[in-house]
Amino acid sequence: MRRVAIVTGAASGIGLGVAQWFARAGHKVAMMDRNGEAVRSASEELNAEGHLTVAFEVDIADRENLGVAIEKTRAAFGPIEVLIANAGISEYKPFLEMEVAEWQRMLDINLTGMFHSIQLALPDMVAAGWGRVVTISSMSAQVGAPNMAHYAASKGGVTSLTKALAREFAEKGITVNTIPPAIVHTGLSRRTEEVDGTNPRIEAMVQAVPVKRIGMPEDIASACEWLCSDGASYVTGQEINVNGGMYC
Ligand SMILES: NC(=O)c1ccc[n+]([C@@H]2O[C@H](COP(=O)([O-])OP(=O)(O)OC[C@H]3O[C@@H](n4cnc5c(N)ncnc54)[C@H](O)[C@@H]3O)[C@@H](O)[C@H]2O)c1
């Protein structure tokens with residue numbers, strides 16, 4: 001069945017992989033990202049292949065503009081049925097040096113931005129009595145991460161938000177699940193190599209992954225597709241560990 005889906009952070013990495021996967025599976029996809037040029041170009045490429053996507057330059061922390069983009073998605077494609085709340089940032093800072101503004105910015109984007117995205121998209125799903133929300137959290141919320149207290153805390157919030165909404169909307173035909181990736185080959189994971197020159201290259205981290213390969217955006221995308229299918233209607237409030245066995 002063709003669905004109307006929103007993917008946030010769709011200009012690169014996991015979000016781009018998910019948007020491409022969903023568009024190629026025949027769904028109508030609204031691709032949202034604060035990098036307007038990149039998201040428009042990714043959407044144009046998919047449309048040139050014959051798929052149905054629209055692109056919006058939007059910061060998920062800016063509720064007003066996000067609301068406008070979601071309203072334009074409804075006008076273009078109809079009510080929102082699927083939300084992949086993926087957009088997020090990651091930064092490194094020793095905890096004792098962390099400025100309040102850095103802590104706040106992380107929460108504003110990674111947690112409050114997700115709150116805005118879900119709250120603005122959910123009414124359509126409630127009205128339809130069917131909906132799927134997948135949030136992208138992080139293994140750092142499960143096992144911790146040095147110099148990333150703000151990031152790990154924001155992602156822990158995403159997991160809790162996911163579980164709370166799963167229970168609140170379970171009787172409405174809406175499932176809400178989270179995928180906490182470990183190491184996925186994206187711009188974000190590449191940038192972590194460069195932070196201070198001491199982080200291992202992601203290729204070297206393969207040894208730590210039981211399946212002996214780095215995750216790809218497609219690994220996350222195919223799990224999202226299943227979570228958003230009718231067949232996954234009995235799965236809600238779950239952390240689906242798509243991580244090559246790194247955390248069980
Ligand atoms: N790559 C990994 O190994 C990994 C591991 C754990 C969790 N994650 C999570 O996966 C998600 C995607 O990360 P990625 O690795 O694909 O990163 P990425 O940097 O490659 O892509 C993130 C995209 O989100 C966009 N974005 C960032 N802030 C935004 C905002 N405020 N509004 C709109 N768009 C915004 C960026 O422009 C970018 O296109 C993030 O939530 C990240 O925390 C990634």
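Me: What does the shell around the ligand hold, by class?

Reply: The shell around the ligand has 12 nonpolar, 14 polar and 3 charged residues. Ala, Val, Leu, Ile, Met, Phe, Trp, Tyr, Cys and Pro count as nonpolar, Asp, Glu, Lys and Arg as charged, and the others, Gly among them, as polar. The model is predicted: local features need pLDDT of at least 70 and side-chain atom pairs pLDDT 80 or more, while totals for chains, interfaces and linings use all residues. Residues are numbered from 1 along each chain as its sequence is written.

Me: Which of the 29 residues around the ligand come nearest?

Reply: Gly9, Gly13, Gly88, Thr186 and Leu188 come nearest to the ligand. α1, α4 (100-128) and α7 (187-193) are the elements that give two or more residues to this shell. A residue belongs to the shell if its C-beta atom, placed from the backbone, lies within 6 Å of the molecule. The names of elements come from DSSP: helices are runs of H or I of at least four residues, strands are runs of E of at least two, and both are numbered from the N terminus.

Me: What makes α1 oblique to α8?

Reply: The axes of α1 (residues 13-24) and α8 (residues 217-227) cross at roughly 50° and come within 8 Å. That angle makes α1 oblique to α8. Angles under 35 degrees count as roughly parallel, over 145 as roughly antiparallel, 65 to 115 as roughly perpendicular, and the rest as oblique. The axes are lines fitted to C-alpha atoms, for helices over the stretch in contact, with angles from 0 to 180 degrees between N-to-C directions.

Me: Which residues in α1 and α8 meet?

Reply: From α1 come Gly13, Ile14, Leu16, Gly17, Val18, Trp21 and Phe22, and from α8 come Pro217, Glu218, Ile220, Ala221, Ser222, Cys224 and Glu225. By class this contact divides into 9 nonpolar, 3 polar and 2 charged residues. Two residues are in contact if their C-beta atoms, placed from the backbone, lie within 7 Å.

Me: Which residues of α8 are buried?

Reply: They are Pro217, Asp219, Ile220, Ala221, Cys224 and Leu227. A residue is buried if 20 or more other C-beta atoms lie within 10 Å of its own, exposed if 12 or fewer, and partly exposed in between, with C-beta atoms placed from the backbone. What covers the buried residues of α8 includes α1, β4 (82-85), β5 (131-136) and β6 (174-179).

Me: Why does serine 222 count as partly exposed?

Reply: Serine 222, in helix α8, has 16 C-beta neighbours inside 10 Å, so it counts as partly exposed. Its C-alpha atom is 9.9 Å from that of valine 242, which is 20 residues away along the chain.

Me: How do you know that α4 and α6 are roughly parallel?

Reply: The axes of α4 and α6 (residues 149-169) cross at roughly 20° and come within 9 Å. α4 and α6 are therefore roughly parallel to each other. The contact of α4 with α6 has 11 nonpolar, 4 polar and 2 charged residues, and α4 passes α6 in a right-handed crossing.

Me: At what angle do α3 and α4 pack?

Reply: Helix α3 (residues 63-77) and α4 pack at about 35°, with axes 10 Å apart. Arg63, Leu66, Gly67 and Ile70 of α3 and His116, Ser117, Leu120 and Ala121 of α4 make the contact. These residues divide into 4 nonpolar, 3 polar and 1 charged.

Me: Why is isoleucine 89 called partly exposed?

Reply: Isoleucine 89 has 18 other C-beta atoms within 10 Å, so it is partly exposed. Isoleucine 89 lies in the loop between β4 and α4. Leaving aside neighbours within four places in sequence, isoleucine 89 is in contact with Met106, Ile109 and Asn110.

Me: Is lysine 212 counted as buried or exposed?

Reply: Lysine 212 has 10 C-beta neighbours inside 10 Å, so it counts as exposed. Lysine 212 sits in the loop between α7 and α8 and has a positive phi of about 60° although it is not a glycine.

Me: What is the phi of asparagine 147?

Reply: The phi of asparagine 147 is near 65°, a positive value in a residue other than glycine. Asparagine 147 is in the loop between α5 (140-143) and α6. With 17 C-beta neighbours inside 10 Å, asparagine 147 counts as partly exposed.

How values were computed: Left-handed = near helix turned anticlockwise from the far one by under 90°.
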